Amino acid sequence: MQLDSKIPEGPLAEKWDKARFSNKLVNPANKRKYEVIVVGTGLAGGAAAATLGELGYNVKSFCIQDSARRAHSIAAQGGINAAKNYQGDGDSIFRLFYDTIKGGDFRAREANVYRLAQVSNNIIDQGVAQGIPFAREYGGTLANRSFGGAQVSRTFYARGQTGQQLLIGAYSAMMRQVAAGKVTLYTRQEMVDLVVVDGEAKGIITRNLITGEIERHSAHAVVLATGGYGNVYFLSTNAMASNVTAAWRAHKRGAGFANPCMVQIHPTCIPVHGDFQSKLTLMSESLRNDGRVWVPKNPNETRKAADIPESERDYYLERKYPSFGNLVPRDVASRNAKQACDDGLGVGETKLGVYLDFAEAIERDGLDVILRKYGNLFHMYEKITASNPTKEPMMIYPAVHYTMGGLWVDYELMTTVPGLYAAGEANFSDHGANRLGASALMQGLADGYFVLPYTIGNYLANVAPEPTTTNHEAFDEAETNAREFTNKLLKNTGSGKSGLQTVDYYHKKLGQIMWDDCGMGRNKEGLEHALKVIPEIREEFWENVTVPGNRNELNQSLERAGRVADFLEFGELMVRDALEREESCGGHFREESQTEENEAKRDDENFSHVSVWEHKGEGNKPVMHKEPLTFENVTPSQRSYK
């Protein structure tokens, strides 16, 4: 496997301009001769499909939902960053670049992150032109709020519905192209394999989720914009349908998987409340602007929060990090919440929670002001917990959220398989070992609107503009594999020691191992234990999982079984990656590598690289390759938010 990042030469601020000028172009008359498959209709996929269609390409867009508008990007709440500096508080493109590099604990490429900061302003202009209802100041100017990991206000927002509003913008732009005949939309289709012809991506195999039919689709290039893999933990903030399947199947066809161990734990989620819970609910990080995080100083505290005097409360983030306070980055806030609960200071019935208190903000600004900012989030919290956050503090606890790992891509967003691109959370991204709040929407839209449409032409300019076909032995082989895989899932008889068990039974077993041994805290003993247990769970799964129904119908159990089968393979790779990276960085916290103050301690001498894993076939250990990270414009240092 060859890793060529294709980063342009020259000064950092000029690399993207240089790349756009030096890239080969496809003339307008030829664009209509090319077909591009885009899998996923979230912000990255929807924006890419819309823009490529607008440019003249013929796009085939696929999503597993019944509507492209149901992509998981809709769940993002808090906002989107851009270096507009409307507040005049010292922001700039370079400061956004620096905050993102630092927030990612110096485990991302400088060139990619700087480009992200550069195009961030274009995203806001695009959104305003589309009619996105961003919050505005009294005079009509766009409003900004602060967010974790930054000391400037650069986050644009639409109450607590920013992702939904931005997705509607991308969806509308894409549907304009559907109406124009440039985008063909395939709903309720799940990609189950990548088709590689003579070493290049030339199509996909899908399963029609309504009829169960296995279908072939060809194109000159394929874009995966299928989100992250947080559901490997079973309980996460992700939608239940979010999965790793498309990326994992592409990995098994030759696409390198980068930094799979780097997972973000979000600090403000509603705590687990029962054994039969299927997912966790995110409370936007924007709440930390006005909410104060605290726990009782007394581990045996039984009083209600309002009855505990100020002198008996520990506002631990404000105490430990006076410079950033409650706005420390997510990994720092999450680890400190866990530490407080591990020390016996947690709140709630399970003692796995901390308070997020708005009493002071309500008294200072008035209830009306606070409700204008967070009203829908407060309403959501009350619906779920039967507790009113305006009268008593929220209870929150960290949960698996975003994944920084993903398919390895070069500067042009191409994977190690020529013609296969990955955008948004599906690639290993611009976030390093930790994602700053309000940068997921930024990266997804940057990739879809402003990066991929420029770079994909550099590849297509060298591809003959001839009609594509599915009449190739590579399509035959991939379709046969898909059918055999499905049939294998439906044939189990429960011959193993535990008898027949449901898909969720195995997903929960895997998720518990991942959370315990490869979650917020990781150590060698736990990771080695996970490496031993996960193959045992996988073997038992293939012997005993029961999938009712058949393959020629709507069968959600079959859908979930295929995804869990992939998680059972992918989870092992995550653990291998975490075991190999003997340092702490961002969300990857190896307990053997921490400072005296229990902060993440990097090892730049040995681990300043991207870990890229190559699949070597069933039953064989994967091989790890390294892409060195060099820093010419910032100096890696011990992160401090004090």
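Predicted model: local features only at pLDDT ≥ 70, side-chain atom pairs only at ≥ 80, totals over all residues.
Author: Residues are numbered from 1 along each chain as its sequence is written, and side-chain values use heavy atoms, with hydrogens and water left out.

Reader: Why are H3 and H12 called roughly parallel?

Author: The axes of helix H3 (residues 43-55) and helix H12 (residues 440-460) cross at roughly 30° and come within 8 Å. Axes are lines fitted to C-alpha atoms, for helices over the stretch in contact, with angles from 0 to 180 degrees between N-to-C directions. Angles under 35 degrees count as roughly parallel, over 145 as roughly antiparallel, 65 to 115 as roughly perpendicular and the rest as oblique. H3 and H12 are therefore roughly parallel to each other.

Reader: Which residues of H3 and H12 meet?

Author: Contact means heavy atoms within 4.5 Å. From H3, the residues include Ala44, Ala48 and Leu52, and from H12 they include Leu441, Gly448 and Ile456. The residues of this contact divide into 12 nonpolar, 3 polar and no charged. Here Ala, Val, Leu, Ile, Met, Phe, Trp, Tyr, Cys and Pro count as nonpolar, Asp, Glu, Lys and Arg as charged, and the others, Gly among them, as polar.

Reader: What makes E16 and E19 edge strands?

Author: The open sheet has 4 strands in the order E16-E10-E18-E19, with antiparallel pairing. Strand E16 (406-407) and strand E19 (623-628) each pair on one side only. Two strands pair if DSSP finds at least two bridges between them. Strand E10 (residues 257-258) and strand E18 (residues 609-614) have 2 bridges, and Phe257 has Trp613 as its bridge partner in E18.

Reader: Why is helix H7 described as largely enclosed?

Author: Buried means under 20% relative accessible area, exposed over 50%, and partly exposed in between (1.4 Å probe, protein chains only). In H7 (residues 245-252), 7 of the 8 residues are buried, so the helix is largely enclosed by the rest of the structure. Among the buried residues are Trp248, Arg249 and His251.

Reader: Is Asn259 buried or exposed, and where does Asn259 lie?

Author: Asn259 has a relative accessible area of 1%, so the residue is buried. Asn259 is in the loop between E10 and strand E11 (263-269). Asn259 has a positive phi of about 45° although it is not a glycine.

Reader: Why is Asn85 called partly exposed?

Author: Asn85 has a relative accessible area of 29%, so it counts as partly exposed.
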